[in-house]
Amino acid sequence: MLAKLFDKYPDLPLRELVVAALVLVALLFVFLSQGNAYSLRMLVEAACYAIIALGLTIQWGYGGQFNAGVMGFVALGGFCAMSFSMPVNTEFWNSDLPGRLGQTFLWGLVGIALVVAVSQVHRLGVPKKLRTILTIILALIVWMVFRSLFDPVTSAIESEVDFVGGLGMPAWIGWLMGGLLAGVVGYFIGHICLGLRSDYLAIATLGIAEIIKAFLKNADWLTRGTATVSPLPWPTPGPGELGFIWARSLYLVITAVMIVAIFYLLQKAYNAPWGRMIRAIRDNEISARAMGKNIEKRRLEVFVFGCVLIGIGGGALTSFNGIFDATGYLPLNHTFLVLVMVILGGPGNNLGTILGALLVYIIWVMSEPLALWIMQLFADLGSGAFGWDAPDNLSSRALQARVFVIGLLIVLVLRYAPKGLMPEKLKHIS
Amino acid sequence: MNELVFFINKALISGAVAGSIYAIGAVGVTLVFSIMRFAHFAHADQMTFGALIVFFLTALFPGAGAALGIPTPLLMLPLAMLATSVLAIGIDKAFYKPLREHGVKPIVIVIASLGVTLMLQGIIRLFAGTSSRSLYIEESKAIFRLDLPGDLASRPLVITEPQILLIVFTILAVFGLHLFLNRTRMGKAMRAMSDNPDLARVSGIDTNKVVMVTWVLAGCLAAAAGTFLSLDVSLSPDLSFFLLLPIFAAAIVGGVGHPYGAIAGGFLVGYAETLSVFNWSVLLRPINHWFPEWMEIPRNLSLVGTEYKIVVPFFILVVVLIWRPTGIFKGKVI
């Protein structure tokens, strides 16, 4: 029957339909087995992940750039969502601390200006080597002075008013600002690394992600550090007013609208001359350069654009979770899971990425009880057959089994389905 | 003088230890980089794997070393090196070689190596749990306290057995690697392949064999680095993720594909890390009275806090990528 259908409509997107049907069946299974409230929560999280995955598919699928630090940009988005949407901490703003903090930052700016000025003294005839040494020494001194000014202020904030608090704005402003901040950080990283070997970008992004996490974890005055900030306000009425199901449905509508908008814009961009140019650069850099394309600039655009989307998605995800916990950003959950979504769904194929995100996230969430069940089975078998004592921390070990599976999935997909479930469709014009 | 002893203990010796670890790790990474031309992210987990093998063997035969008068983990190290080399070759055969023969871009193999990282981490934690352990099971860590002659200082210089072993091993490894790369046929073949793989192939070099030897070298060095690090601190499965960045920074600083550069880069990164978290105000204390009254020395004069240690290798990496992307020693692979 399927063959007949296919004969009748030769343009029928069979692959897409099969994958979409797969996602639908999985969703149906979750809804039937886990109940509405739980399934809606999972679906909203999957939608946020889809936005993040769209950001990565731009970088990896369109541009061939491998970002190994998605987690960092997600955390930046989450930080902005927290910082903009939390209520204003009046205690902080009524004290003299904002003034002191501002003063410290002003001194910091003065210090930077001083260092920049000294770095230009070679124009006055100072030898270049001497200038370099002078600049480095001055930069070190300025940094130490800034630290000695800055530390008392931050510890005063921590001890007197807990933390600086939020700005009391709607959450969506925080998401957009998160995208902006992620884009700015991405700009600097991309500016340094994109002209070099592609491996360097992976190393640098891996590093910056850990640094962002370390900063957010230890800057207690800004984020309360390990004490975490909660509850984060939602842009929609919360579960307290509408009940879990309606509140989550509303949130889902917002994320779905965001995905549709982003998808529409991406599809437009992909088919526009800009998209063609990006693919030309990815597939054959030399000939693209020979055609007079500015490769460095286009690459930077792609990378920054992807980071912005990752930041926005991270903001939406963190707001939904309702808690900002810097230690909760894990490479496994926020970098490698997204990577699997993209390479399994189809890098460079927006629809494939979205469906891949949904499918992978459903499997990911469902795999937790499954992994535990399998571990329990093995433990029972082991104790039955060899009298072997099962370790007591089965649930944490089941988690490690999932680490292994994600790694295996990445390697297998790269080997056997390098284009993913839904390969990028290349138009051949004869 | 006590302050100077403190400086030697806390900065010079620990910098040398960190530098040796990074140097051994970076040599392995740079060898793989120069032969197969991809950044091998799973290297740090091979370190953990090697240390874990040592741990298991030591737990099985805790008294073996005492019979020979050396620490048991050291006795088990060659076996762990063998196991790690076999693992490295196996991983290559199973995961990287098919991709290489498929003619994919190097960055795809980088992603595959991240997948391998996760697999190794998963397996290691599945079997060993997530808690950290000491490699000294029945023995105790020998600590040498060297008193300075005369009344110069009341504090002794402190150096531990694993630290001495590590530094000695690093010197031997560097010397051995130098001889291997310059004097043996295989070493020359490796250098030829790192210069130009196609030319090496047409001149009759068995590239498969070179690749295998590279993995053996990388595996041995990884096992050694992991073991010495675990001896010095403790064996924890989370070790690897925080080693990746300093090791890659060291390899890139020294010039990728340049083993001597990697050693220099390792020590540079190690010392930079240690010296930036070192509290310099300790050294200023004896000359405190020379400063004018109004200038008070802050109690903490470190460049960065310990919690931001990871920023240091990243900063070095960024500076090198901006200032001289080929590394200090002009690596061959850009």
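D198(B) and R201(B) form a salt bridge, with their closest N and O atoms 3.5 Å apart. The model is predicted. Both residues sit in helix α8 (residues 197-202) of chain B. They are three residues apart there, so about one helical turn separates them. R201(B) has a relative accessibility of 46% and is therefore partly exposed. Side chains of opposite charge can pair when their charged atoms come close.

How many salt bridges does the structure hold over all chains? The total is ten. Two others are described here, and both lie in chain A. R299(A) pairs with E285(A), and the closest N and O atoms are 2.8 Å apart. This pair links distant parts of the chain. R299(A) belongs to helix α15 (residues 295-321) of chain A, while E285(A) belongs to helix α14 (residues 285-290) of chain A. The two residues are 14 residues apart. E285(A) is partly exposed, at 29%.

E296(A) and R289(A) form another salt bridge, and here the closest N and O atoms are 3.6 Å apart. E296(A) has a relative accessible area of 40%, so it counts as partly exposed. R289(A) is also partly exposed, again at 40%. The two pairs do not stand alone. E285(A), R289(A), E296(A) and R299(A) are linked in a network of salt bridges.

Helix α15(A) deserves a look of its own. It has 27 residues, which at 1.5 Å a residue should span 39 Å. The C-alpha atoms at its ends are 39 Å apart, so the model agrees with that expectation. The helix is mostly covered, with 21 of its 27 residues buried. What follows the helix? Just after α15(A) comes G322(A), which takes a positive phi of about 80°.

Next come some backbone details in the loops of chain A. Most residues other than glycine have a negative phi, and most peptide bonds are trans. D162(A) is not a glycine, yet its phi is positive, near 75°. D162(A) lies in the loop between α7 and α8 of chain A. At 37% relative accessibility, D162(A) is partly exposed.

T228(A) is a second case. Its phi is positive, about 60°, although T228(A) is not a glycine. T228(A) is in the loop between α10 and α11 of chain A. With 14% relative accessibility, T228(A) counts as buried. P231(A) is also placed in the loop between α10 (220-223) and α11 (239-242) of chain A. The peptide bond from S230(A) to P231(A) is cis, and its omega is near -5°.

Now turn to F79(A). This residue is found in helix α4 (residues 70-85) of chain A. F79(A) is buried, with a relative accessible area of 11%. Which residues does F79(A) touch, leaving aside its neighbours within four places in sequence? The contacts are L181(A), L216(A), L222(A), T223(A) and F324(A). G178(A) is 99 residues away from F79(A) along the chain, but their C-alpha atoms are separated by 7.2 Å.

Finally, consider how the two chains meet. Contact involves 45 residues of chain A and 54 residues of chain B. Together the chains bury about 4400 Å², and 78% of that area is on carbon and sulfur atoms. Which three residues supply more of the area buried by chain A than any other three? They are R197(A), Y200(A) and I203(A), with 15% of the area that chain A buries against chain B.

How many salt bridges cross the interface of chain A and chain B? The rule finds zero. There are three residue pairs in polar contact between the chains, both residues being at pLDDT 80 or more. On the chain A side, the elements giving two or more residues are α7 (128-161), α8 (171-193), α9 (198-218), α16 (331-345) and α18 (394-416). The largest share comes from α9(A), with 14 residues. By type, the residues of chain A that touch chain B divide into 33 nonpolar, five polar and seven charged.

Terms used: Residues are numbered from 1 along each chain as its sequence is written. Chains are lettered from A and ligands numbered from 1 in the order in which they are written. This is a predicted model: local features need pLDDT of at least 70, side-chain atom pairs count only at pLDDT 80 or more; totals for chains, interfaces and linings use all residues. Side-chain values use heavy atoms; hydrogens and water are left out. Contact means heavy atoms within 4.5 Å. Buried area is the accessible area (1.4 Å probe) that two parts lose on being put together, summed over both. A salt bridge is a side-chain nitrogen of Lys or Arg within 4 Å of a carboxyl oxygen of Asp or Glu. A polar contact is a pair of N or O atoms within 3.5 Å; within protein, one must be able to donate a hydrogen and the other to accept it, and residues adjacent in sequence count only if both atoms are side-chain atoms. Helices (H or I, at least four residues) and strands (E, at least two) are DSSP runs, numbered from the N terminus. Ala, Val, Leu, Ile, Met, Phe, Trp, Tyr, Cys and Pro count as nonpolar, Asp, Glu, Lys and Arg as charged, and the others, Gly among them, as polar. Buried means under 20% relative accessible area, exposed over 50%, partly exposed in between (1.4 Å probe, protein chains only). The expected span of a helix is 1.5 Å times one less than its number of residues.
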